[in-house]
Amino acid sequence: MKIELNKRILDKNEECALQNANFFAEHNITCINVISSPGSGKTTTLGRTIRDLADKIKIGVIEGDIFTDTDAEKIRAAGAPAVQIETKGSCHLSAQQVTAALSAIPAETLDIIFIENVGNLVCPSDFALGENARVVILSVPEGDDKPIKYPGTFAKADVVLINKIDLAPYIDFDLDRVIKDIKAVNHEAPIFQLSATTGDGMQQWYDWLVAQIKCKK
Ligand SMILES: Nc1nc2c(ncn2[C@@H]2O[C@H](COP(=O)(O)OP(=O)(O)OP(=O)(O)O)[C@@H](O)[C@H]2O)c(=O)[nH]1
Ligand SMILES: [Mg+2]
């Protein structure tokens, strides 16, 4: 006899992501998964965001890198609690690693927890961490062909940041093409052009971010 069970069995990562999502919901925390290529400006954007919004939002960061804790140190220097996960070779963070990291920061007291994922535009987008939103960063020097080369990652973004816009005058980068290619796979996500080093364009990102915050009980 064959019994059909119309229930999808969650894998370990999905189960853990669900637990993380419940934790965030219970404590009215907004969790944002930050995905990009190496060096596109994830840590620089987060550092500037922490400094500029210090009076308004309590931010904490879970940092993911293959090796080193330098990004967590930069975040602490910007004034926010941070915990570093070293994946020792894995190209993405897992929900289980995030669960463990949550006990190493004062998570309950925070409005926003950013998870800076391991730098690449492929693997991180396939692993839910329990986040409320995903931000994908593309920087000008990476080239304007990235949205068509990595459409899956851009399709799952809730917001896209085009960073290092200060370098646009010096680099062959077709901004209109990039916006068109992102919109072809993702109609919904707002696209903000900014520079995390000069501060140009950061306000629209901050407005989006503030709108994601949940009311603390
Ligand atoms: N010109 C310019 N440089 C930037 C900007 N944002 C970041 N950078 C520089 O780009 C380099 C990489 O920035 P990071 O913030 O470390 O990039 P990341 O994405 O965190 O890198 P990984 O964590 O290694 O993946 C640094 O030298 C930054 O100073 C920007 O808006 N304009
Ligand atoms: Mg970084």
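Phe114 is in contact with Ile32, Val34, Leu46, Ile59 and Val61, leaving aside its neighbours within four places in sequence; two residues are in contact if their C-beta atoms, placed from the backbone, lie within 7 Å. The model is a predicted one, in which local features need pLDDT of at least 70 and side-chain atom pairs count only at pLDDT 80 or more, while totals for chains, interfaces and linings use all residues. Residues are numbered from 1 along each chain as its sequence is written, and chains are lettered from A and ligands numbered from 1 in the order in which they are written.

Phe114 belongs to the largest nonpolar core, which has 54 residues; Phe114, Ile115, Val160 and Leu161 touch the most other members. Such a core is a set of buried Ala, Val, Leu, Ile, Met, Phe, Trp, Tyr and Cys residues joined through C-beta atoms within 7 Å. A residue is buried if 20 or more other C-beta atoms lie within 10 Å of its own, exposed if 12 or fewer, and partly exposed in between, with C-beta atoms placed from the backbone. In soluble globular proteins, nonpolar side chains tend to be buried together.

Helices (H or I, at least four residues) and strands (E, at least two) are DSSP runs, numbered from the N terminus. Seven of the seven residues of E2 are buried, so the strand is largely enclosed by the rest of the structure. Ile59, Val61, Glu63 and Asp65 cover one side, and Gly60, Ile62 and Gly64 the other. E2 runs parallel to E4, to which five bridges join it, and five bridges also join E2 to E3, again in parallel; strands pair if DSSP finds at least two bridges between them. Ile62 has Ile115 as its bridge partner in E4 and stands opposite Val83 in E3.

In H4 (residues 95-102), the buried residues are Ala95, Gln97, Val98, Ala101 and Leu102. They lie on the same side of H4 because they cover an arc of only 155° around the axis, the arc being that of the directions from the helix axis to the C-beta atoms. An α-helix has 3.6 residues a turn, so residues three or four places apart point the same way. The buried residues of H4 pack against helix H1 (12-26) and strands E2 (59-65), E3 (82-86) and E4 (112-116).

The ligand is the next stop. Around ligand 1 there are 17 residues, of which Gly41, Lys42, Thr43, Thr44 and Gly119 come nearest; a residue is near a molecule if its C-beta atom, placed from the backbone, lies within 6 Å of it. By class, this shell has three nonpolar, 10 polar and four charged residues. Ala, Val, Leu, Ile, Met, Phe, Trp, Tyr, Cys and Pro count as nonpolar, Asp, Glu, Lys and Arg as charged, and the others, Gly among them, as polar. Helix H2 (residues 42-52) gives the most to the shell, with three residues. Thr43 lies in H2 and counts as buried, with 25 C-beta neighbours inside 10 Å. Not counting residues up to four places away in sequence, Thr43 touches Asp71, Lys74, Ile75 and Glu116.

Two loop residues complete the account. Asn28, in the loop between H1 and strand E1 (30-36), has a positive phi of about 50° although it is not a glycine. Thr68, in the loop between E2 and helix H3 (70-77), has a positive phi of about 80° and is likewise not a glycine. Most residues other than glycine have a negative phi. Asn28 counts as partly exposed, with 14 C-beta neighbours inside 10 Å, whereas Thr68 is exposed, with 11 other C-beta atoms within 10 Å.
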